[in-house]
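Below is a short walk through a single protein model. Please keep the sequence and the structure in view while reading.

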Amino acid sequence: MSLNVQLICGPRMEILDIVSRWPGSTHDSKIFMNSAICQKFVDGTVHGILLGDNGYPQLPYLFTPLLDRHVKTPAEERYNRAHRTTRNIIEKLTRVWKQRFPCLRKRLLTKPVTTQAVIVACAILHNIAILRQDNFENVEEVPLDTVPVVNANAVQNSRGHIVRQQFIERHFM
């Protein structure tokens with residue numbers, strides 16, 4: 001069985017949250033919506049903004065890019081460009097993590113519980129390397145793939161769109 005791993009990272013590419021218990025076929029948005037970090041955002045115990053691709057629902061605390069056909073203003077173009085640039089950190093983290101721990105490049109042939117332990121151990125060791133400033137600097141940036149849009153909870157999604165539009169108007173006009 002392969003596992004789907006979801007990472008949340010900070011600007012220094014440290015891993016802030018990891019979920020590694022779902023089967024490989026599970027969609028990222030389902031993993032996030034059932035995660036402890038999501039519940040903390042919903043409860044208001046954690047504040048801030050997460051960035052996700054269009055595979056995630058647009059929520060008040062989880063911002064997705066505007067679809068190209070919905071971009072109508074220069075502010076929205078700037079928002080999408082900033083979103084893409086900022087989200088590139090997670091893509092770079094994934095490449096660095098797999099370079100640092102080659103066992104993560106392929107399917108581990110271990111029991112699921114052992115695979116989870118290996119993945120979490122690699123995350124912890126990665127963070128220790130970041131703290132010790134043992135960084136991989138030669139990882140090239142790759143354009144982000146387009147991801148299919150998910151049909152999410154309409155009420156949350158609608159409120160999320162309003163929050164995102166207000167954010168764009170406040171910060172990108």
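The model is predicted.

The largest pocket holds about 1100 Å³ of space. It is lined by 41 residues, and those closest to its centre are Gln6, Leu7, Ile8, Ile90 and Thr94. Several elements each give at least two residues to this lining: strand 1 (3–9), strand 3 (50–51), strand 4 (62–63), helix 1 (28–33), helix 3 (74–100), helix 4 (112–131) and helix 5 (154–172). The largest share, 11 residues, belongs to helix 3. By residue type, the lining of the largest pocket consists of 25 nonpolar, nine polar and seven charged residues.

Helix 4, one of the elements that supply the lining, can be examined next. The helix has 20 residues, and its first and last C-alpha atoms are 29 Å apart, close to the 28 Å expected at 1.5 Å a residue. Its buried residues are Thr115, Ile119, Cys122, Ala123, His126, Ala129 and Ile130. Viewed down the axis of helix 4, these buried residues fall within an arc of 125 degrees, so they line one face of the helix. On the face of helix 4 turned away from the buried side are the exposed residues Val113 and Leu131. Just after helix 4, Gln133 has a positive phi of about 60 degrees.

The aromatic rings come last. A pair of such rings is described by the distance of the centres and the angle of the planes. With centres within 6.5 Å as the cut-off, the model has six aromatic pairs. Tyr79 and Phe167 form an edge-to-face pair, at 6.4 Å centre to centre and with 75 degrees between the planes. Because Tyr79 lies in helix 3 and Phe167 in helix 5, this pair ties together parts that are 88 residues apart in sequence.

Are these two residues buried or exposed? Tyr79 counts as buried, at 2% relative accessibility, and Phe167 is buried too, with a relative accessible area of 18%. Phe167 also pairs with Phe172: the ring centres are 6.1 Å apart and the planes are at 55 degrees, so this pair is tilted. Phe172, like Phe167, is buried. Ring pairs link Phe63, Tyr79, Phe167 and Phe172 into a cluster.

Definitions and conventions:
Residues are numbered from 1 along each chain as its sequence is written. This is a predicted model: local features need pLDDT of at least 70, side-chain atom pairs count only at pLDDT 80 or more; totals for chains, interfaces and linings use all residues. Side-chain values use heavy atoms; hydrogens and water are left out. On a 1 Å grid over the protein atoms alone, a cavity is a set of points where a 1.4 Å probe fits but cannot get out, and a pocket is an open set with protein on both sides within 12 Å along at least five of seven lines; lining residues have an atom within 4 Å of a point. Grid points are joined across faces, edges and corners, and a volume is the space filled by probe spheres set on the points. Helices (H or I, at least four residues) and strands (E, at least two) are DSSP runs, numbered from the N terminus. Ala, Val, Leu, Ile, Met, Phe, Trp, Tyr, Cys and Pro count as nonpolar, Asp, Glu, Lys and Arg as charged, and the others, Gly among them, as polar. The expected span of a helix is 1.5 Å times one less than its number of residues. Buried means under 20% relative accessible area, exposed over 50%, partly exposed in between (1.4 Å probe, protein chains only). The arc is that of the directions from the helix axis to the C-beta atoms. Rings of Phe, Tyr and Trp (its six-membered ring) pair if their centres lie within 6.5 Å; planes under 30 degrees apart count as stacked, over 60 as edge-to-face and the rest as tilted.
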